Amino acid sequence: MIDINPSGILVRYNVKMEKKMTPEEAAEELYPKDPTIYPIAKAIFEGEEDDVVEGLEKAIGSGKDPISLINGALMVGMGVVSRLYDEGVIFLPNVMLSADAMQAGIEFCKTKTSKVPESKGKVVCHVAEGDVHDIGKNIVAALLRANGYDVVDLGRDVPVDEVIAAVEKERPLMLTGTALMTTTMYAFKEINDKLLKKGIKIPFACGGGAVNQDFVSQYELGVYGEEASDAVKIADFIKENGNDIAKLRGIFHKH
Ligand code: B12
């Protein structure tokens with residue numbers, strides 16, 4: 001048998017063999033450099049809840065606003081997780097640990113907010129039927145609460161009829177829906193049709209990784225929001241200008 005040394009061939013053709021990065025090394029390249037945010041993002045990636053809380057405590061101690069840390073630090077860490085998961089560098093068990101650390105961080109930030117919410121109105125939030133991805137919905141709910149809305153959080157994997165029943169009972173200013181999977185987002189259309197059948201015409205703000213403006217524009221009550229903070233902007237707009245969905249789409253949809 002001929003003994004071939006591949007590195008010899010590569011050297012001959014002037015090709016360097018690349019050393020495969022470990023997940024930790026790959027993550028290190030993506031963390032933000034800011035010394036207050038870095039440990040929080042790293043702890044999210046590592047799924048270390050205690051370190052997440054410790055990092056948040058330090059950041060709040062140095063004057064950072066707890067609610068702005070949700071987007072400014074926790075989400076940054078989750079961004080690293082999402083990217084490396086999509087690239088096949090890390091796998092579901094890692095993601096689950098990070099997701100738990102993220103939830104712990106959101107809960108901690110919520111307990112630290114000093115804002116006294118005067119109720120601006122009620123919003124019902126949910127994650128689509130069949131979908132367990134609730135991190136985005138939890139951010140939406142936390143931001144709405146921090147901005148004075150009374151949030152009725154139905155949780156994740158919520159059956160369509162449960163959403164309809166909650167809207168009938170609570171009569172909110174708006175409903176929000178989150179879907180991260182292309183298979184679950186169709187529940188939004190069903191909710192839209194059932195609400196219209198009952199004569200309920202409230203704005204249905206929809207977001208989440210799987211959803212885009214084209215999809216949300218396909219049903220009458222849908223208003224698309226890309227960022228969790230858009231949910232607050234949409235609610236504020238409704239509060240000040242009424243719930244005309246065409247007007248809301250005119251403002252919040254990119255043309
Ligand atoms: C974390 C995660 C998980 C965690 C979820 C933990 C949890 N408690 O949420 C776990 C490990 C449990 C999980 C499981 C699964 N997952 Co997963 N998961 C992810 C991952 C890596 C990140 C998602 C996330 O949390 N992003 C961060 C949050 C903050 O983003 P977000 O929800 O989109 O929210 C932001 C905005 O969209 C917006 N927003 C959200 N909602 C709303 C609402 C309104 C009104 C507004 C205005 C804005 C808004 O605000 C947020 C930020 O500002 C993604 C990959 C990715 N790149 O997204 C895959 C991903 C979503 N998962 C996927 C899959 C397939 C699964 C599984 C089926 C895997 C499996 N084989 O078992 C299961 C699903 C089980 C089920 N029935 O739901 C696929 C979905 C593919 C698709 N398009 O259909 C993805 C895209 C991965 C992939 N590339 O294949 N997953």
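A polar contact is a pair of N or O atoms within 3.5 Å. Keep that cut-off in mind for Gly-136, where a polar backbone atom is 3.5 Å from an oxygen atom of the ligand. The model on screen is predicted.

Start by selecting the ligand. The ligand sits in the largest pocket. Now show the residues around the ligand: there are 36, and the closest are Asp-86, Val-132, His-133, Asp-134 and Thr-178. Colour this shell by class to find 17 nonpolar, 13 polar and six charged residues.

Next, colour the two domains, 21-112 and 121-252. Both domain 1 and domain 2 give residues to the shell, so the ligand lies between them. For the elements involved, select helices H5 (66-86), H6 (92-112), H7 (135-146) and H11 (228-241), together with strands E3 (174-178) and E4 (204-207); each supplies at least two residues of the shell.

Now go to the cobalt atom of the ligand. Which protein residue is its single donor? The donor is His-133, through NE2, 2.3 Å away. Follow the chain on either side of His-133, which lies in the loop between strand E1 (121-127) and H7. A polar side-chain atom of His-133 is also 2.8 Å from a nitrogen atom of the ligand.

Finally, select Arg-156. An N or O atom in the side chain of Arg-156 lies 3.4 Å from a nitrogen atom of the ligand.

Key:
Residues are numbered from 1 along each chain as its sequence is written. This is a predicted model: local features need pLDDT of at least 70, side-chain atom pairs count only at pLDDT 80 or more; totals for chains, interfaces and linings use all residues. Side-chain values use heavy atoms; hydrogens and water are left out. A residue is near a molecule or strand if one of its heavy atoms lies within 4 Å of it. A polar contact is a pair of N or O atoms within 3.5 Å; within protein, one must be able to donate a hydrogen and the other to accept it, and residues adjacent in sequence count only if both atoms are side-chain atoms. On a 1 Å grid over the protein atoms alone, a cavity is a set of points where a 1.4 Å probe fits but cannot get out, and a pocket is an open set with protein on both sides within 12 Å along at least five of seven lines; lining residues have an atom within 4 Å of a point. A molecule sits in a cavity or pocket if more than half of its atoms lie within 2 Å of its grid points. Helices (H or I, at least four residues) and strands (E, at least two) are DSSP runs, numbered from the N terminus. Ala, Val, Leu, Ile, Met, Phe, Trp, Tyr, Cys and Pro count as nonpolar, Asp, Glu, Lys and Arg as charged, and the others, Gly among them, as polar. Domain bounds come from an automatic or database domain assignment. Donors are N, O and S atoms within 2.8 Å of the metal (3.2 Å for Na, K and Ca); water is not among the atoms, so sites may look incomplete.
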